[in-house]
Amino acid sequence: MYYLDFDTSEVEHGCASLEAMASVPPAKVPAVQAEIQQVLDWAHTAFPGLQAPLDEGREWDFLVQQQAEQVAGQTRQTFTLSLTGTPQFCKEFRGRFLVG
């Protein structure tokens with residue numbers, strides 16, 4: 001990952017929250033979107049049919065947010081990718097994306 005750098009935190013019942021944010025100029029938006037899609041494609045492949053809120057008994061869930069901002073007179077797009085997952089999901093995620 002070049003643009004997405006994940007922070008992790010533990011939430012209830014051993015599940016974890018993984019969150020990454022990237023703020024880029026418009027020309028870099030496709031690259032960030034590709035990284036987000038890479039993560040989601042992996043998750044859907046590694047845990048097929050198991051994406052939904054964890055309190056519904058599933059393995060993982062996600063939220064992607066995008067917002068345009070003006071920073072020092074320049075337009076930037078800020079993306080936030082939030083994932084929640086069971087301990088097994090998080091272990092495999094770390095192994096795949098080298099999140100420590």
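**Strand pairing and helix packing in the predicted model**

Within strand β2, Ala16 is the bridge partner of Glu10. This pair belongs to a predicted model, in which strand β1, covering residues 6-10, and strand β2, covering residues 16-24, are joined in the antiparallel sense by five bridges. Asp7 is likewise placed opposite a residue of β2, namely Glu19.

The overall composition of the chain may be set out next. The protein chain contains two helices and four strands, and these elements follow the order β-β-α-β-β-α from the N terminus on. The C-alpha trace spans about 45 × 25 × 25 Å along its principal axes. Of the 100 residues in the protein chain, 36% are buried. When contacts between residues at least 6 apart in sequence are considered, 57% of them join residues at least 24 apart.

The four strands form an open sheet with antiparallel pairing, arranged in the order β1-β2-β4-β3. From one strand to the next, the twist averages 15 degrees. Helix α1 packs on this sheet and touches β1, β2, β3 and β4. The direction of α1 makes about 10 degrees with that of β4.

Strand β2 is also paired with strand β4, which comprises residues 74-85; the two run antiparallel and are joined by nine bridges. One of the positions involved is Ser23, whose bridge partner in β4 is Thr78. Strand β4 also contains Thr80. The relative accessibility of Thr80 is 10%, and because residues under 20% count as buried, Thr80 is assigned to the buried class. With residues up to four places away in sequence not counted, the contacts of Thr80 are Glu19, Ala20, Met21, Leu63, Val64 and Gln65. Glu19, one of these contacts, is the residue that Asp7 stands opposite. In a regular strand, side chains alternate between the two faces of the sheet.

The two helices also meet each other. The axes of helix α1 (residues 29-46) and helix α2 (residues 87-97) come within 11 Å, with a crossing angle of roughly 130 degrees. At that angle, α1 is therefore oblique to α2. The crossing in which α1 passes α2 is right-handed. On the α1 side, the contact involves Gln38, Val39, Trp42 and Ala43, which meet Phe89, Glu92, Phe93, Arg96 and Phe97 of α2. Classified by residue type, this contact of α1 with α2 comprises six nonpolar residues, one polar residue and two charged residues.

A further local feature lies in the loop between β3 and β4, where Ala72 is found. The phi angle of Ala72 is near 50 degrees, which is a positive value in a residue other than glycine. Most residues other than glycine have a negative phi. Thr80 in β4, by comparison, is buried.

Definitions and conventions
Residues numbered from 1 in each chain as written. Predicted model: local features only at pLDDT ≥ 70, side-chain atom pairs only at ≥ 80, totals over all residues. Heavy atoms only, no water. Pairing = 2+ DSSP bridges. Buried < 20%, exposed > 50% of the residue type's maximum accessible area, 1.4 Å probe, protein only. Contact = heavy atoms within 4.5 Å. Axes fitted to C-alpha atoms, helices over the stretch in contact; angles between N-to-C directions. Parallel < 35°, antiparallel > 145°, perpendicular 65-115°, else oblique. Left-handed = near helix turned anticlockwise from the far one by under 90°. Nonpolar A, V, L, I, M, F, W, Y, C, P; charged D, E, K, R; others polar.
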